[in-house]
Amino acid sequence: MGKIFVDACKGLETPYTPVWMMRQAGRYLPQYMAVRKEAGNFLNLCHNPKLAAEVTIQPLDIVGVDAAILFSDILVVPNEMGMKLEFLAGEGPVFDKPIATQSDLDNLIGGEDAASKLTYVYDTIKLLREQLDARGDNKALIGFTGAPWTLATYMIEGQGTKTYNICKKMMYSNPELLHKILKKVTEVVKLYMEKQIESGIDVVQIFDSWAAAIEPSKYNEFSWSYMVEIADYLKSKYPETPIIMFPKGVSAFIERGLVYGNFDVFGVDWGTPMAMAKEKLGEKYVLQGNMEPCRLYDKAATTACVEGIQNIMGGKRHIFNLGHGILPDVPVENAIHFVSECQRVSKK
Ligand code: CP3
């Protein structure tokens, strides 16, 4: 028997529609908080394969999801390119020297030299591969990367942003430099994902969390085309490894029929009507999503949404998920309820 999650990514029939949650290994789980405390802080946890593997597995046992997602962060990539990264309590990620000029970019480590520094990620995957195979329950392991654009927003702004004004100033006044940054990141990401696959992941997910910061007519040029390039590279070497593309906030882009490329699954964010995504993309891609994560605060609101999505998708070419990450104050029992409801309504 194949892994139900991998089969679903390939559009094959499965006994029920598999489910996982973005950010499923995280702060809503007391067991995660305990391991993070043991590690000292979040980055130490990412750097410790034994503990990172432990928190990756937690949601399989506690919440009952059908796939594990590697515990790490998208920002370890710019960190290993030479940008000093810190996670400040209450403020999120901060880079001390953002990229502003060509010489800042030239100082960054690129290509194989950067990708081969991420050994702790590959070691975590190898450990997880052994542990998951030993369980024998056919749960899949998802590896991931940030999209070059989403990574570049942090590299240029130096931190999270509401306005993206520094990177958008570069987009309109010095697009050549922005493209050079995106190209350098793309080259590292290609090799990084290749090494994740070689280390044992089953499926790749690309997060373009800040896709919606770009106006639709510029989105292909500054983000989508780079992800198509990454997918083409991976597919030419690993045609059997499914790729999930999750761009958040691009319903205008979907509606205009601008989505193309060598992906297997399209992650639908919670602001995009599933029926529209199905009409526009359902034949080309398996669809993943898309419950609004805040519905998790209420069990009845969760069930109503799961049933609504099931009615639209009919258990075909679909993977249940949230339309973005689970929030830290969601009760664990509500997450368990979501997962079991997805499995219940879709059982054949
Ligand atoms: O369970 C999983 O999904 C696997 C692990 C994972 C993390 N980050 C752990 C994490 C994954 C897949 C990510 C991806 C990630 N990281 C994204 C894309 C996904 C998305 O949510 O859109 C982005 C934009 C980041 C960057 C990042 N990391 C931010 C902005 C923050 C701070 C904000 C926040 O939620 O606290 C992080 C920290 C982070 N990454 C935490 C976790 C569990 C919280 C850190 C902690 O434990 O204190």
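The model is predicted: local features need pLDDT of at least 70, side-chain atom pairs count only at pLDDT 80 or more, and totals for chains, interfaces and linings use all residues. Residues are numbered from 1 along each chain as its sequence is written, and side-chain values use heavy atoms, without hydrogens or water.

**Largest pocket**

- The largest pocket holds about 1,500 Å³ of space.
- On a 1 Å grid over the protein atoms alone, a pocket is an open set of points where a 1.4 Å probe fits, with protein on both sides within 12 Å along at least five of seven lines. Its volume is the space filled by probe spheres set on the points.
- Lining residues (an atom within 4 Å of a point) number 49, and Arg 23, Arg 27, Phe 42, Asp 73 and Phe 87 are the closest to the centre.
- Two or more lining residues come from each of α2 (30–39), α3 (42–47), β2 (85–88), β3 (92–95) and α9 (148–157). Helices (H or I, at least four residues) and strands (E, at least two) are DSSP runs numbered from the N terminus.
- The lining has 27 nonpolar, 15 polar and seven charged residues. Nonpolar means Ala, Val, Leu, Ile, Met, Phe, Trp, Tyr, Cys and Pro; charged means Asp, Glu, Lys and Arg; the others, Gly among them, are polar.

**Helices α15 and α16**

- The axes of α15 (residues 299–313) and α16 (residues 332–346) come within 10 Å and cross at roughly 30 degrees. Axes are lines fitted to C-alpha atoms over the stretch in contact, with angles from 0 to 180 degrees between N-to-C directions.
- That makes α15 roughly parallel to α16 (angles under 35 degrees).
- Contact means heavy atoms within 4.5 Å. In α15, the residues that meet α16 include Lys 299, Val 306 and Gln 310; their partners in α16 include Glu 333, Phe 338 and Val 345.
- The contact residues of α15 with α16 divide into four nonpolar, six polar and five charged.

**Helices α11 and α12**

- The axes of α11 (residues 175–199) and α12 (residues 216–237) come within 10 Å and cross at roughly 30 degrees.
- These two helices, α11 and α12, are therefore roughly parallel.
- By class, the contact of α11 with α12 has 12 nonpolar, two polar and seven charged residues.

**Backbone features**

- Most residues other than glycine have a negative phi, and most peptide bonds are trans.
- Arg 23 is not a glycine, yet has a positive phi of about 65 degrees. Arg 23 lies in the loop between α1 (4–9) and α2.
- Gly 289 and Asn 290 are joined by a cis peptide bond, with omega about -5 degrees. Asn 290 is in the loop between β8 (286–288) and α15.

Conventions: Angles under 35 degrees count as roughly parallel, over 145 as roughly antiparallel, 65 to 115 as roughly perpendicular and the rest as oblique.
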